[in-house]
2 protein chains.
Amino acid sequence: MKRMFDIAFLLAWLLLANSALQPDPLPSWNEGPVKESILSFVEKVTDYESQDFVPPEERIAVFDNDGTLWAEQPLYFQFLFAIDRVKALAPQHPDWQNEEPFASLLKGDMKGALAGGEHGLLELIAATHAGMTTEEFEMIVQEWLATAKHPESGQPFSHMVYRPMLELLVYLRARGFKTFIVSGGGVEFMRAFAEQAYDIPPEQVIGSTGKQTFEIRDGEPMLIKQPAVDFVDDKEGKPVAIQRVIGRRPIAAFGNSDGDLQMLQWTCAGDGARLCLYVHHTDAEREWAYDRQSPIGQLDKGLEEARTEGWVVADMKRDWKRVFAFER
Amino acid sequence: MKRMFDIAFLLAWLLLANSALQPDPLPSWNEGPVKESILSFVEKVTDYESQDFVPPEERIAVFDNDGTLWAEQPLYFQFLFAIDRVKALAPQHPDWQNEEPFASLLKGDMKGALAGGEHGLLELIAATHAGMTTEEFEMIVQEWLATAKHPESGQPFSHMVYRPMLELLVYLRARGFKTFIVSGGGVEFMRAFAEQAYDIPPEQVIGSTGKQTFEIRDGEPMLIKQPAVDFVDDKEGKPVAIQRVIGRRPIAAFGNSDGDLQMLQWTCAGDGARLCLYVHHTDAEREWAYDRQSPIGQLDKGLEEARTEGWVVADMKRDWKRVFAFER
């Protein structure tokens, strides 16, 4: 009897010691049902003995970028980049003084510049992102990222990534997931920082695209970015792009806006264990608080559907111990 | 003196023993300058001490599929699949009896069916590849692959892959390369066999695409294949698709036709060590012999440019010890 007691004690001690030794993979997430949902999902799909086990090649996780992996206020960062480019290029384009959205933008009237909606935004992006080779564009973006500062935090934009989401990316990859960005942002803009910021290589970044042409100039082949939108990777476009590029339905999807709704629907309608998670911007102090009424990152229908479908909603204020790495 | 001789002898013996112990990574390639070009390229880009060293994340290798990884005669296999589908679907489409290319095809007149050129081909593919979900299409292709036989060899189509190219894929991946298919073939057709045939996952298959729509039917989200061409991944389309999907210039490219020319130009115009290789179909006995005049897999301009640029041309008859695994 004494011996059995000793063995039970030893086992209990080993179990405790073991769990105490396992470092928390998500230290910036507060304990609670949201963190628990993530951990238990990953446990069951990676456990050979679980009936929810998913082989590594099918462990595809997709992440929206703006508002999900990094901030998107007061304006999408790519839009801030475009503004800086318009200012830099304005002397060569006198016509912009009378042409929207450029005219409003040069006057500092953001509301007027945004009046054309998402399409106007993309036109602006096309105009400031075209007429150069893909390699030249990458250099321009990298130069901007190295010098530009966020208008409110004063931090370099690469510091505006969410620490809890970085931990999540690392955790998922450590458990055999392949992590993809699937974002409305321009694919080449995102690739200029995704590898360094998120450890996500260019071939795992899916985004909106502009038209490009292959040309041979003075015997040298080059790809020239054209001032025309090719594909908008938003809303219904997201599952279409996922199928076209990845060719496999993800088992986990992370977003923050109605633009991600169809991606979450497509992901979570698949068979077997699935994880769909919305990041809900609720923290006006450490970040920004916005949802149903926001012109940027609107989350309205998605919030309803998350309730109906039982998706996970991460409340930034409640669930994140820390938002940015630069916080004290 | 005796001691130095002993040491030199020992070293020479060790070197010899070492090279004898290293298994040949390309046993189906005959010894000669072509095999040597491949081996020496891979050696130098993977050797830390070489000035041509390329870090693993940049070791992108792209392969055309039809005529490069598997055969394409007497017709592209996807076209043979489409013919079988037209025959299977004809009873539901009485109009096809008077409509090209269907009418010619149903009469067994391949020349007439092909008269519309590549665009006609793609129309045919769109008509036989649409009106169903992506998952239904995958099942149709897999069923066909499991039962259909090549009209001349009598082998299942999955046996029509080139053994030397399979060895090359395995060798490159073992040396840290990421291998992609970049082909004019339909991306979803190729994905149905690429993982099993080549160990290339769906997200590393780039091809021509048809339009798809995201729809919710009876509460279930689905992607429906539409009867319209979205993108033709051939000629100038290849570097454009590489940039859009991979976002990095490959360092090695393998093709067999003029449709691959721009992909090879784009790849080999980059800085540093590069490998561009054309598979030249010269073996009428073990495979097929065709190049400048062939309506399928025409290799004319490419052959000229290979000479001018010093690209490697693999002569199937001379350089391949064995073409197919089923050969005696």
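A few notes on the bookkeeping: residues are numbered from 1 along each chain as its sequence is written, while chains are lettered from A and ligands numbered from 1 in the order in which they are written. Because the model is predicted, local features need pLDDT of at least 70 and side-chain atom pairs count only at pLDDT 80 or more, whereas totals for chains, interfaces and linings use all residues; side-chain values use heavy atoms, with hydrogens and water left out.

How do the two copies sit relative to each other? Chain B can be laid on chain A with an RMSD of 0.1 Å by a turn of 180 degrees and a shift of 0.0 Å along the axis. That is the relation of a two-fold axis. The same surface serves both copies, as 100% of the contact residues of chain B recur in chain A. The superposition is by least squares on the C-alpha atoms of residues with pLDDT of at least 70 in both copies. Within chain B, the residue that comes closest to the rotation axis is Val245(B), with its C-alpha at 3.4 Å.

Helices (H or I, at least four residues) and strands (E, at least two) are DSSP runs, numbered from the N terminus. Axes are lines fitted to C-alpha atoms, for helices over the stretch in contact, and angles run from 0 to 180 degrees between N-to-C directions. Angles under 35 degrees count as roughly parallel, over 145 as roughly antiparallel, 65 to 115 as roughly perpendicular and the rest as oblique. The crossing of α2(A) and α8(A) is right-handed, that is, the near helix is turned clockwise from the far one by less than a right angle. From α2(A), the contact draws on Ile38(A), Leu39(A), Val42(A) and Glu43(A), and from α8(A) on Leu168(A), Tyr171(A) and Leu172(A). By class, that gives 6 nonpolar, no polar and 1 charged residues. Nonpolar covers Ala, Val, Leu, Ile, Met, Phe, Trp, Tyr, Cys and Pro, charged covers Asp, Glu, Lys and Arg, and the others, Gly among them, are polar.

In chain B, the axes of α2 and α8 likewise come within 11 Å and cross at roughly 15 degrees, and this crossing is right-handed. Another helix pair in chain B is α3(B) with α7 (residues 134-147), packed at an angle of about 100 degrees with axes 11 Å apart. That makes α3(B) roughly perpendicular to α7(B). Here Phe77(B), Leu80(B), Phe81(B), Asp84(B) and Arg85(B) of α3(B) meet Phe137(B), Ile140(B), Val141(B) and Trp144(B) of α7(B). This contact divides into 7 nonpolar, no polar and 2 charged residues.

Most residues other than glycine have a negative phi, and most peptide bonds are trans. In chain A, however, Gln73(A) and Pro74(A) are joined by a cis peptide bond, with omega about 0 degrees; Pro74(A) is in the loop between β1 (60-63) and α3 (77-89). In chain B, the bond from Glu100(B) to Pro101(B) is cis, with omega near 0 degrees, and Pro101(B) is in the loop between α3 (77-89) and α4 (102-106). Asp218(A), although not a glycine, has a positive phi of about 50 degrees and is in the loop between β3 (205-217) and β4 (220-231) of chain A.

Key: Contact = heavy atoms within 4.5 Å.
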